[in-house]
Amino acid sequence: MAIDTHTHLYLPEFQPAPADAVKRAINAGVTHMVFPNVDLSTIEPMKRLHDQFPDSTSMAMGLHPTEIGPVWKEDIEVTDNELRTHQSDYVAVGEIGIDLYWDKTHAEAQMQAFEHQCRMAVELNLPVIIHCREGLEETVEVIEGIKGLQGVFHSFGGSVEDVELIRRRAGDFYFGINGIVTFKNCSVRNTLPTITPDRLLLETDSPYLAPVPHRGKRNESAYIIHTAAHIASHLGIPVEELDSITTANARTLFRL
């Protein structure tokens with residue numbers, strides 16, 4: 001029994017029947033799924049899918065860093081309004097953060113947008129779901145200036161040194177581990193003992209990053225069982241124990 005703390009089953013990759021993916025996850029033992037928003041176009045499909053499974057899913061509202069462009073302030077005004085007017089519908093602000101992998105053109109705007117959304121999270125007493133890709137220094141620079149911020153570094157693939165940097169400068173965050181941990185040459189498994197189980201969250205990031213043995217295919221929440229088994233084996237604990245710990249972690253962070 002596991003909680004998928006980061007899945008986008010509402011995206012076009014799952015049309016025309018996203019509900020089927022939710023049902024497959026439930027049948028596989030996934031007790032709950034958290035849907036983080038991406039941009040303005042994904043708000044309504046995310047809400048529609050959540051409305052079909054209100055007891056098995058939760059939502060987060062934010063603007064993804066790769067969606068930060070020339071009109072980002074207007075876009076964030078929409079997500080801000082959604083959060084303020086429907087606060088009880090959301091368990092986190094996300095996914096938000098810094099992504100400089102593809103394009104550094106809007107790096108400063110991404111930092112401004114990230115800071116704005118982090119401060120919104122503190123104001124509303126919500127955790128954040130952080131997307132950080134090739135931008136750890138910029139991410140930490142923003143976070144260390146905001147008191148009271150809690151959350152998770154989603155799809156974490158960093159080193160032991162990265163974990164220590166985050167803890168030293170940003171605080172005691174959780175780390176979301178997904179299918180990349182099953183990849184043959186992925187080094188993130190070596191960081192698991194440093195993270196420790198009490199700060200681990202399981203996720204899929206569906207439809208991306210499918211774990212072995214489904215690598216290269218469309219990912220979905222039902223596949224989280226493979227990621228959980230791999231992590232448990234590497235830590236030397238029963239998968240049932242890992243599921244119990246990470247489920248408790250998710251319930252604590254997102255107040256599920």
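**View 1. Threonine 196 in the loop between α7 (192-195) and β8.** Helices (H or I, at least four residues) and strands (E, at least two) are DSSP runs, numbered from the N terminus. The model is predicted, so that local features need pLDDT of at least 70 and side-chain atom pairs count only at pLDDT 80 or more, whereas totals for chains, interfaces and linings use all residues. Residues are numbered from 1 along each chain as its sequence is written, and side-chain values use heavy atoms, with hydrogens and water left out. Although threonine 196 is not a glycine, its phi is positive, at about 75°. Threonine 196 is partly exposed, with a relative accessible area of 29%, where buried means under 20%, exposed over 50% and partly exposed in between (1.4 Å probe, protein chains only).

**View 2. Aspartate 205 and proline 207 in the loop between β8 (200-202) and α8 (224-235).** Aspartate 205, a residue other than glycine, has a positive phi near 60°, and this residue is buried, with a relative accessible area of 9%. Serine 206 and proline 207 are joined by a cis peptide bond whose omega is about 10°. For background, most residues other than glycine have a negative phi, and most peptide bonds are trans.

**View 3. Proline 16 in the loop between β1 (2-4) and α1 (18-27).** The peptide bond that leads from glutamine 15 to proline 16 is cis, with omega near 10°.

**View 4. The largest nonpolar core, with 64 residues.** A nonpolar core is a set of buried Ala, Val, Leu, Ile, Met, Phe, Trp, Tyr and Cys residues joined through side-chain atoms within 4.5 Å. The residues with the most contacts inside this core are Val128, Phe153, Phe156, Ile166, Phe173 and Ile177, while helix α4 (residues 107-124) supplies the largest share, seven residues. Apart from this core lies another, of twelve residues, among them Ile3, Ala60, Val91 and Ala92.

**View 5. The packing of helix α3 (residues 72-85) and α4.** The two helices pack at an angle of about 15°, with their axes 11 Å apart; axes are lines fitted to C-alpha atoms, for helices over the stretch in contact, and angles run from 0 to 180 degrees between N-to-C directions. That angle makes α3 roughly parallel to α4, a description that applies to angles under 35 degrees, with over 145 counted as roughly antiparallel, 65 to 115 as roughly perpendicular and the rest as oblique. The contact (heavy atoms within 4.5 Å) includes Trp72, Ile76 and Leu83 of α3 and Ala109, His116 and Met120 of α4.
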